[in-house]
Amino acid sequence: MIHGVLPYVLATILLGVGIYAITCKKNVIKIIIGVIVTEYAVNMFLILIGYRSGGIAPVLTRAMDKSEFINQSVDPIPQALILTSIVIGLGIVALMVAIAIRLYEKYGTFDISEIRKLRG
Amino acid sequence: MKGMSLIVREVTKLVAGFIFVYGIYIVLYGHLTPGGGFVGGVILACSFILLMLAFGKNFMDHVIKPWSLTVGDCVGALGFLLVALLGLIGGAFFLNFLAHPGDFRLLSGGAIPLSNIAIGVKVSACLAGVFVALSIFRGVRSGKE
Amino acid sequence: MTDIALGLYIITGFVIVASVIAIEVKDLLSTIISVSAAGAGLSILFLMLGAPDIAITQVVVEVVCLVILIRATVTRDDTTYDSHRDTFAVAAGLLFVGLLTVCCWVAYQDMQPFGSPIMKVGSQYLQYGIERTGAANYVTAVLLDFRAYDTLGEATVIFAAVIGAYVVLRKVGRIRDERHEPDS
């Protein structure tokens, strides 16, 4: 059983690494890196689900026969969802970095335990 | 924000135009080869970020005004909605009413290249605007920049 | 599964090791470079899995991420810090990871093995895609014709995130009011 789902287990290990970074780290930049690693893990998991053995990319060219293309291509639906998700991840990183810059400007440090102590 | 050295500026003058044309190619041919509006938009934003890093913000203020990036953002979003509403001519929201398939050419996608262009304009203006906002932010307390 | 198994495991191992290095290293510049290396390895993995669209997107987005992160951290002074243990945070982290492990163990019993997806809706899209939409790239056909409503939602989310970044970085009325005790 474990042999058939081993790639999914590796994706879950990457997700666990990202969650560890979000909960246990004290530097704001390390928390941002944890969110980025979690996004990588989720994107990798969804593309792994859509893969077909010996598959080709879902782009039809003029020289390809249509019926064998249908039998050989990988699933196009997860790829369409992950494409927009990666660009949204970039927008989220920009927002988090803007908040981190603001925090540094107001409190003078990136350490969240210090920020919790100083009350404004 | 200052620019960079002479070598970087001369190489950027040669390369930035090619990156811009490549981004437009990926946006327009998104329905025939891998690509599309989102990827092409990020590549166009990359070319603008390269120009801004190489020449400095003060020079780029004369070339592209900062408020024009937010206007481009809104125009792209409204353009995408307009293409969706135009599908109502064919009978349903978002219906692709111009498609004539089987040709493998630019015009065979119908409303899909129009949507790609609108999304490309939106994403590129969006990300370039965020980079401009991040680079002109000058903190009050920190004097080092 | 056996045709790409070796390359898949090597590159996934590389991505995991690069992420762990990125999280544990003390210097912030090394952190950012490690996470960019993990993103590059992930892009090669996407190419091996038959997704060239996603590989292009991952590379370009990761380059812009690198530029934005360096902008935030390299111009700051204190790049290292002294960490003291916070037991509640470590316990909460272990609890979440344990919960994740248990849920995944239960879920992976019934999952399709890697390499044979169900593709109930995907086969319909592959069969009728080129006749109904006229697009040869099926990912764009799904994104902008079959599922165009979701794309409208995604465009709205990007819009909202960028407007949030503009609002946070605004300085209207902030320079002059520093003496008058601003709230928020």
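What percentage of the contacts in chain A with a separation of 6 or more comes from residues 24 or more positions apart? Let's begin there and then move on to the other close-ups. This is a predicted model, in which local features need pLDDT of at least 70, side-chain atom pairs count only at pLDDT 80 or more, and totals for chains, interfaces and linings use all residues. Residues are numbered from 1 along each chain as its sequence is written, while chains are lettered from A and ligands numbered from 1 in the order in which they are written.

**View 1. Chain A and its helices.** Chain A has five helices and zero strands, giving the order α-α-α-α-α from the N terminus on. Here helices (H or I, at least four residues) and strands (E, at least two) are DSSP runs, numbered from the N terminus. As for the opening question, the value is 55%; two residues are in contact if their C-beta atoms, placed from the backbone, lie within 7 Å.

**View 2. The dimensions of chain A.** The C-alpha trace of chain A spans about 65 × 35 × 15 Å along its principal axes. Its radius of gyration is 20 Å, whereas a compact globule of 120 residues would have one near 14 Å. That radius is taken over C-alpha atoms, and the globule rule is 2.2 Å times the number of residues to the power 0.38. Of the 120 residues of chain A, 54% count as buried. A residue is buried if 20 or more other C-beta atoms lie within 10 Å of its own, exposed if 12 or fewer, and partly exposed in between, with C-beta atoms placed from the backbone.

**View 3. Where chain C meets chain A.** This contact takes 70 residues from chain A and 77 residues from chain C. Elements giving two or more residues to the chain C side include α1 (5–24), α2 (28–48) and α3 (52–73) of chain C. The most comes from α3(C), with 12 residues. By type, the chain C side divides into 53 nonpolar, 18 polar and six charged residues. Ala, Val, Leu, Ile, Met, Phe, Trp, Tyr, Cys and Pro count as nonpolar, Asp, Glu, Lys and Arg as charged, and the others, Gly among them, as polar.

**View 4. Where chain B meets chain A.** Here 12 residues of chain A are in contact with 14 residues of chain B. On the chain B side, the elements giving two or more residues are α2 (37–55) and α5 (112–136) of chain B. The largest share, four residues, belongs to α5(B).

**View 5. A close look at C:Met119.** C:Met119 sits in the loop between α4 and α5 of chain C. Its phi is near 55 degrees, a positive value in a residue other than glycine. C:Met119 is partly exposed because 18 other C-beta atoms lie within 10 Å.
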